[in-house]
Structures are given as C-alpha cells and as structure tokens.
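Please look through the structure below before reading on. The report then takes it part by part.

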Amino acid sequence: MVDSEQTGVTSSSIPSAESLRRLAISESGFVFDPTSGHHFTVNETGLVLLRHLQQNQDLSSILNAVTQEYNVSHRDLERDVLEFLSLLREFVGEQ
Amino acid sequence: MSVFNVTVAITGVNAKPDNPGPGLAVARCLRESPEFNGRIVGLGYDALDPGLYLKKYCDAGYLLPYPSTGDEAFLSAIRKIHEQEKIDVLLPCLDAELPGMVRLRPLIEEMGIKVFLPTPEQLRMRNKDQLTEIAKLAGIECPEIKTITHAGFFYKCQEEGWSFPMVVKGLFYDARFVHNADEGAEAFRHIAAEWGLPVLVQRVVKGEEYNLTAVGDGEGNMLGEVMMRKMAVTDKGKAWSGVSIIDHALYEASAKLIKAIKWRGPLEFEVMRDQHGHYQLIEINPRFPAWIYLCVGVGRNLPMALLKLALNEPVGDFREPEAGVLFIRHAEDNIIPIAEFEHVIMQGGHHLQ
C-alpha cells in the first residue's frame, strides 16, 4: 500500500486478483469477462497494464515498470492509471 | 455412441421474431445432434406457425387445439396425430400447455408416448405467484410480487407502498412494464383476457438480465447448465442476441433450487444482476428458452439430454461449459406453396416432403 498520497493511487484501487485473472485478454486489446459477459477494448498501454495487473498486485512496481517502458512522467502515469483502475473496477463489478 | 432413431413431437414451433417459441430451436438441437437420427413432428397452434412447414427441422407438422379448449380436445388431437406418426416422445415447449400436459401425463403415457415432465406439485411451486418462496429455496432475493384481481389497484397502489414503473405479469405468461395507472389498467385487462386471473404485479429491479437453462433429472441434480447474458432484446424483452457466461453464484442458486424441489425436466432461471454482481430471481420457466440453440454452441445439447431422460437412457457426461459464445438471431422468410398451407388448414397437418 504505497504510492502517491497526492493522487490517491493505492494498491487497494486495484480490482481483486481473482476478478482480474478471470478476464480473457486478447492481443488485439479485446477484453471479455466470462462471469458478467461484458466486453471492452483497451489500447496498447491499457493492454500492458492489464497484463501486469493480472500477475502483480503491487502497484508501485507496476508504475515503475510502465514509466520506464513508455518514458512518461510518474505523475502523469499515476493519474491515468487511477482513471483506468476506476473503470476496471466498474467493469468487473467491484464498485 | 448410441444413435436414437425415434419419433419426437415438439410443440411451440411458432416463431414471430419479437417473441418466438422454443420449439424450432429444440428441433434444431436434435436435428444437428450426431446422436439423433429420428423423425421430428412439429406441433403448432396456428396455421402460420413456421415450424409446420420447415423441412430442415420437421418431418411433419400438425395443429393442436389451444389449451383453453380443454383436455378432451387435446387428447383427441394427440391420439389422432399419434395414429399417423407413432410418436415415441413428446417434448412440450410452452408455459401455457404445461399444466394440462402434467395433469394428463398418465393418459399420454398410456398411449405409448414418453414424456419427461415435472410433477404437478413441482409445477405449482414455480408458479409466478410463488416466487418469494422459491427464491428462498434458491438462497437469493427476489423483487416483491403481488397478486391482484382488479385494475383499480393501479389507481391506489401508492397507498399500499407501490410506485411506478412496475411489471404486470400473467400467471402463466406475458409481462409488461407500466409507467402509470392507465398503462397498468390496460395491461391488466389485456393479460387477464388472455391468461385469466389473477394477474401479478412485480417491483422493477435495476440491473442486467441473465438466464440459465438446464435439465433437472428428478433426483435433485442439475444437468448441463448453460448461462447467458442478454446482449440485445426485442420490444417484448426477448433475447435477440446473447453471450454464454460462467457464473458460480448463478450456478449455485440454480443447483440449490433444483436440488430442493427435485425438479424434473427442462427449466429456465431468469435473474437480474446488479452492478455488484448480486442476483434477484425474476421467474422460473418450466421449459427450454427460445435461445436454447446456444447450448449446441457451447457443446451441451440439452434437448438431446432431455430426450435420453424421457427414453430412460443414460445422459452421459457434458463437456465443460464455455464462456464467450454468442448467438445472434435473425428472421427469415420461407416460401410455402399454397397446397401445403391448405393441408394444414383442411387436414390439420401434413408430411413434409
């Protein structure tokens, strides 16, 4: 439970590992939830994040990895990830 | 693998696009099964029911008298069709005919026709006015439901703590959303005229509709469950497309209910799922749904399983369920020579060449 106090991004913002692992994620960015029957699409960055999140619930290490991979500022990334996680929680029915 | 070379009569071969019967989909499931090499007799209630003419699904088509005409008329029609077709198994697919079929089961079986039906008590337990009790058995919640006998209810319902919108339902079939007292009264009159009294009102539940279909073996086991989320519906709320899902909570609730009442035969479990994944039971139908062909898509041919149960044959194992299989329905025009229509009108049925 580290991360930024300014943005409020914490590991508790992440949907449960169980919910994330059940998602069927295609290389095309098409994501299907076999429990709810919902689907959505993500771009390349979303796909990278989802892949990380499925295997690792430690947000700070994910942020560090993605910051290096995409050469973006940590702060911008946190803001975008917060929004992405909020949508993700809604999608898997945890909001 | 056994191959069943039997004659199966299937009702509910009506198929108006906004609210098709399940009969043609059940016939299609059998027709496409490598375990079925028999004949299919489509039974309809209207000379314009397409199943009476579709050679790809039915080998013969006959008209039945409406259930409201009474037991004698029904038995007489079945006897006559049986003389022609030598029916081995009868698979009823419509809600309204179930009470009669269940009541007449000994007489149907006496003719040498096999059925696999719930008992009268099981059928009564899943009546729409018993929803609260049946939801308790399933261990899930359900929206409040109330029996009414007069359209005046809608003009004073707020005094009883009811508000619009609400759903008005027939005891056997039909459901309409109403948004004010006048709409409620109109729906009441329409449903009462078609399905009789009492009429039911049900509180509206927010969420998305999910369905489960399966077969109860009569011993308390749920066989071959297939779950689906509706992706598009007709104006009448019937599924026009859907996607298979696997949800353990829905599985548990349905299995618990089937175990509690030892359900015998096909059924459809209709629930609403809110944004937190909680389910509320909307109703239970004592038959396969019109979207039953999705079961073939996920590798679980439920009509074939029902046929085996009716024939007292082992059902065998089902493949693991598969999530993410879609169905998208379409309507199709079929060309029917007037002579075939004439046969149905004048002789009550015909063989399809």
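## The model

This is a predicted model: local features need pLDDT of at least 70, side-chain atom pairs count only at pLDDT 80 or more, and totals for chains, interfaces and linings use all residues. Residues are numbered from 1 along each chain as its sequence is written, chains are lettered from A and ligands numbered from 1 in the order in which they are written, and side-chain values use heavy atoms, with hydrogens and water left out.

## Where chain A meets chain B

Nine residues of chain A and 14 residues of chain B take part in the contact (heavy atoms within 4.5 Å). The size of an interface is often given as the accessible area lost when the parts come together. Here the buried area is about 840 Å², and carbon and sulfur atoms give 47% of that. Buried area is the accessible area (1.4 Å probe) that two parts lose on being put together, summed over both.

By class, the side of chain A that touches chain B has two nonpolar, seven polar and no charged residues. Ala, Val, Leu, Ile, Met, Phe, Trp, Tyr, Cys and Pro count as nonpolar, Asp, Glu, Lys and Arg as charged, and the others, Gly among them, as polar. Zero salt bridges are found across this interface (a side-chain nitrogen of Lys or Arg within 4 Å of a carboxyl oxygen of Asp or Glu).

## The six-stranded sheet

Chain B holds an open sheet of six strands, in the order S13-S12-S9-S10-S11-S14, with antiparallel pairing. Strands pair if DSSP finds at least two bridges between them. Helices (H or I, at least four residues) and strands (E, at least two) are DSSP runs, numbered from the N terminus. The edge strands are S13 (279-285) and S14 (326-328) of chain B, and each pairs on one side only. Neighbouring strands are turned by 25° against each other on average, direction ignored.

Strands S9 (208-217) and S12 (264-273) of chain B pair in the antiparallel sense over 10 bridges. Asp217(B) stands opposite Arg264(B) in S12(B). Helix H9 (248-261) of chain B packs on the sheet and touches S9, S10, S12 and S13 of chain B. Its direction makes about 130° with that of S10(B). Axes are lines fitted to C-alpha atoms, for helices over the stretch in contact, and angles run from 0 to 180 degrees between N-to-C directions. Helix H11 (302-310) of chain B also packs on the sheet, at about 25° to S9(B).

## The five-stranded sheet

Another open sheet in chain B has five strands, in the order S4-S1-S2-S3-S15, and its pairing is mixed. S4 (89-91) and S15 (349-351) of chain B stand at the edges with a single partner strand each, so one side of each is left without a neighbour in the sheet.

S3 (60-63) of chain B pairs with S15(B) in the antiparallel sense over three bridges. The bridge partner of Ala60(B) in S15(B) is His351(B). Helix H12 (338-347) of chain B packs on the sheet, touching S3 and S15 of chain B.

## Backbone features

Most residues other than glycine have a negative phi, and most peptide bonds are trans. A cis peptide bond joins Phe164(B) and Pro165(B), with omega about 0°. The bond from Leu197(B) to Pro198(B) is cis too, with omega near -5°. Asn71(A) has a positive phi, near 55°.

## Salt bridges

The whole structure has 27 salt bridges over all chains. One joins the side chains of Arg79(A) and Asp76(A), at 3.4 Å, N to O. Both residues lie in helix H4 of chain A, three residues apart, about one turn of the helix.
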